[in-house]
Amino acid sequence: MKKIWLVAICLMMGVAQMAMGDETASSTKKYEVRDFDHLLGKVKGLNDDLLKMHFKLYQGYVNNTNTLLQKIGELDQTGKSQSPEFAGFKHMLGWEFDGMLLHEYYFENLGGQTHQLKQDDPLFLKMVQDFGGYDQWKSDFQATGAIRGIGWVITYVDPKQGRLVNTWINEHDVGHLSGGKPLLVMDVFEHAYITQFGLDRAKYIQVFFDNIDWNAVSQRYKKTL
């Protein structure tokens, strides 16, 4: 919560001090909100109201990322890169950017028609190699998702040895494997499930697994080979 208050304060301070916003903004390529409405009615066990709320939250991360980049550019161009506002925006950029990108990964690996990973798929074989089997990988992933706290669970490809690692990400930006390639991404912030499942995170995790688009996840893995 401290980070959220920090970015709010910094953004308000920045608005009062910057007069060159329009010129700088026009020269900065902005990230665009992606449309995931195709998931509505397609994710069994997650109601559309929950998904719509989640889409709106994701849009906020996109907008905040664009705003932070704009403000950072304005401060840099006006010789204020040593200011507290510049430092505050820089501190927040990774949090907002990761919040944007992780949600895109999450929505991409939801709602597909391929809900089972085929046993001859390279990713399935890699799970057998690194975990002893699919069920062992799944148990490890779900146990990671049950950790107390807010954040994400990501199956990463370790860039050093190519192994699969199920990783807990605190909030959006703490715990990532540097250089790792994300394969499966699960949101375990309360906003992903609490309005429908209350505090029953385990039930949400099962619904998530029932709706994984394994084709999308498998394609991510194949790109790392």
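Predicted model: local features only at pLDDT ≥ 70, side-chain atom pairs only at ≥ 80, totals over all residues.
The protein chain has 225 residues, of which 46% count as buried. It contains 9 helices and 3 strands. Read from the N terminus, the order of elements is α-α-α-α-α-α-β-β-β-α-α-α. Among the contacts in the chain with a separation of 6 or more, 70% are accounted for by residues 24 or more positions apart.

The 3 strands form an open sheet in the order S2-S1-S3, with antiparallel pairing. Strand S2 (164–170) and strand S3 (181–187) stand at the edges; each has a single partner strand, so one side of each lacks a neighbour in the sheet. From one strand to the next, the twist averages 25 degrees. Strands of a sheet pair through backbone hydrogen bonds, in either a parallel or an antiparallel manner.

Strand S1 (residues 151–157) is joined to S3 by 6 bridges, and the two run antiparallel. Within this pairing, Tyr156 has Pro182 of S3 as its bridge partner. S1 is also joined to S2, by 7 bridges, and this pair runs antiparallel as well. Here Gly151 stands opposite Asn170 in S2. S1 and S2 form a hairpin with 6 residues between them. In the turn of this hairpin, Gly162 has a positive phi of about 80 degrees.

Although S2 stands at an edge of the sheet, 5 of its 7 residues are buried, so S2 is largely enclosed by the rest of the structure. The loop between S2 and S3 holds Glu171. The phi of Glu171 is near 55 degrees, a positive value in a residue other than glycine. Glu171 has a relative accessibility of 17% and therefore counts as buried, the cut-off being under 20%.

A helix is also placed against the strands. Helix H9 (residues 214–222) lies across S1, S2 and S3, and runs at about 150 degrees to S3.

A contact between two helices was examined next. The axes of helix H6 (residues 134–145) and helix H8 (residues 201–210) come within 10 Å and cross at roughly 140 degrees. H6 is therefore oblique to H8, since only angles over 145 degrees count as roughly antiparallel and those of 65 to 115 as roughly perpendicular. The crossing of H6 past H8 is right-handed. On the H6 side, the contact is made by Tyr134, Trp137, Lys138, Phe141, Gln142 and Gly145. On the H8 side, Arg201, Ile205, Gln206, Phe208 and Phe209 take part. By class, the residues of this contact comprise 6 nonpolar, 3 polar and 2 charged.

With a relative accessible area of 1%, Leu39 is buried. When residues up to four places away in sequence are not counted, Leu39 touches Leu51, Phe55, Phe107, Leu110 and Gly111.

Conventions:
Residues numbered from 1 in each chain as written. Heavy atoms only, no water. Axes fitted to C-alpha atoms, helices over the stretch in contact; angles between N-to-C directions. Helix = DSSP H or I, 4+ residues; strand = E, 2+ residues; numbered from the N terminus. Parallel < 35°, antiparallel > 145°, perpendicular 65-115°, else oblique. Left-handed = near helix turned anticlockwise from the far one by under 90°. Contact = heavy atoms within 4.5 Å. Nonpolar A, V, L, I, M, F, W, Y, C, P; charged D, E, K, R; others polar. Pairing = 2+ DSSP bridges. Buried < 20%, exposed > 50% of the residue type's maximum accessible area, 1.4 Å probe, protein only.
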